[in-house]
Amino acid sequence: MKSIQSNIKKAKKYLDKKHCIGVPTETVYGLAGNAYSDISVKKIFKLKKRPMNNPLIVHYLNLNKLKEDCHINDDFIKLYKKFCPGPITFILELKKKSKISQFITNKKRTLAVRFPKHLLFRKLLKNLNYPLAAPSANISTRLSAVTASDVQEEFGPNISYILDGGKSQIGVESTIINLINKPTIFRFGGLDISKIEKVLNKKILIKTNSKIKIAPGQFPLHYSPGIPLRMSAKKPRKNEAYLLIKNRNIVSKNYYYLSKNNNLKQVAKNLYSLLRKIKNKGYKMIAVEKVPNFGIGKTINDRLKRASKF
Ligand code: TXA
Ligand code: MG
C-alpha cells in the first residue's frame, strides 16, 4: 500500500514536470503525458516516433473534466453509464474553450476520450488536475506493451518512469466508436461491439478499414511483431513458431499456447506478450491456429491480420 502511494507520487512528479511516463491500463500500457501541455504532448509523439497527424486518446477519471473539453450526446451517456470505466474509446466533438493541446488532435475538432479501469491509473488521475494523453506504449507500428518490462523494452533509457501495474487484464486495445454522427466503429477492441449495439439499440456502422485517413490504427500495417505471420495455419512449417488456442497431444518445441481450451479472452490477454516472446527467441516466422471470429475473436483476428501485413 505504502509503495503504491509512493509510486503514484513519483509518477505525478514526472508528469507535473512535463515528462512522459509508462502507465498501466486494463487494455495495454500507455505512454502518458499532460494533455493540456504542448511540451508533454510533443514529447509523446517524439518518443513513440509517431507521425504528428495521428491523434492521441485522452484519458479522464470521470465526466467532470471531460465536460469542460467535449460536447456530449445521448449515445455517449448511455454507453458511458454501461461500460465506463472500461475498454471503450469515444470520438466526440471538441469544445472551443477546451484546454486540450492542439497537438493531440492535429488541430482537428474531434477528440478521442477514454475512462480507463485500471485502479493504479485511476488513482493517478485522482491526483492530477489535468487529463492524460496516452497512446499505446510502443514504438509506432510495433506490438503494444502489456507489462512494464515490455514498455522498458520499447523505450529503453528514453523513458523517465514506468508505473508498474502488472500485466494488462484484457491485453488488446480499447474499442473505438465515433459518436459524432451515426455511431461508427473505428477499431475493434476489448469491448464486444454486439454489447454496444444492444445498449444503443440500433445498428452501428463499421469502418475499421477506411481508405480515408481518419485513424492510422485503421491502416493495414500495425501491431507488427516484425516477422512474417500466417493466420489460420493447420500445421506449422519447418522452423515456424506455431501459436495454438487449444491443447494438442503432439509435443513440439515450436508449439506455444495462447490458450489450452479455446478461451478467447485468454487468447487476447496472451496475444501480444507471446508474439513478443516468439520474436525475442529469434524465430523468423510465426503461424497461428484459426481463431473463431466472434466476440473478442474479431479483435484478435483484426490484430493478426494487420500483423500479417509485414
Ligand atoms: O486501449 C487503448 O485505447 C490504449 C490505452 C493506452 O488507452 N491506447 C491506444 O492508443 O491504443 P493508440 O494511440 O495506440 O491508438 C489510438 C487510435 C489511433 O489509431 C488513432 O489514430 C485513433 O485512435 N484516434 C485518436 N484520436 C482520434 C480522432 N479524433 N478521430 C479518429 N481516430 C482517432
Ligand atoms: Mg497503438
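How do the residues of the lining of the second largest pocket divide into nonpolar, polar and charged? There are 10 nonpolar, seven polar and seven charged ones. Keep in mind as you look around that this is a predicted model.

**The pocket**

Let's stay with that second largest pocket for a moment. It holds about 530 Å³ of space. Its lining is made of 24 residues, and those closest to the centre are P87, I170, G190, K265 and I296. Helix α9 gives the largest share of this lining, with four residues.

**The cavity**

Rolling a probe the size of a water molecule over the atoms shows where empty space is left. Searching the whole structure turns up one cavity of 30 Å³ or more. The largest cavity has about 40 Å³ of space in it. Around it you'll find T175, F188, G189, L191, D192, I193, G295, K298 and T299. Sorted by class, that lining comes to three nonpolar, four polar and two charged residues.

Here are the two spaces side by side:

| Space | Volume | Residue classes in the lining |
|---|---|---|
| Second largest pocket | about 530 Å³ | 10 nonpolar, seven polar, seven charged |
| Largest cavity | about 40 Å³ | three nonpolar, four polar, two charged |

Next, find helix α9, residues 264-280, and helix α10, residues 296-307. Two packed helices are described by the angle between their axes and the distance between the axes. For α9 and α10, the angle is about 30° and the axes are 9 Å apart. Angles under 35 degrees count as roughly parallel, so α9 and α10 are roughly parallel to each other. Their crossing is left-handed.

Which residues in α9 and α10 meet? On the α9 side they are L264, K265, V267, A268, L271 and Y272, while α10 brings I296, G297, I300, R303 and L304. By class, this contact has eight nonpolar, one polar and two charged residues.

**Two spots in the backbone**

Finally, two loops are worth a visit. Where is P85? It sits in the loop between α4 (74-83) and β5 (88-94). The peptide bond leading from C84 to P85 is cis, and its omega is near 0°.

The other spot is S232, in the loop between β11 (229-230) and β12 (241-244). Although S232 is not a glycine, it has a positive phi of about 50°.

Technical notes. Residues numbered from 1 in each chain as written. Chains lettered and ligands numbered in written order. Predicted model: local features only at pLDDT ≥ 70, side-chain atom pairs only at ≥ 80, totals over all residues. Heavy atoms only, no water. Axes fitted to C-alpha atoms, helices over the stretch in contact; angles between N-to-C directions. Parallel < 35°, antiparallel > 145°, perpendicular 65-115°, else oblique. Left-handed = near helix turned anticlockwise from the far one by under 90°. Contact = heavy atoms within 4.5 Å. Nonpolar A, V, L, I, M, F, W, Y, C, P; charged D, E, K, R; others polar. 1 Å grid on protein atoms, 1.4 Å probe; cavity = no way out; pocket = protein on both sides within 12 Å on 5 of 7 lines; lining within 4 Å. Points joined across faces, edges and corners; volume = space filled by probe spheres on them.
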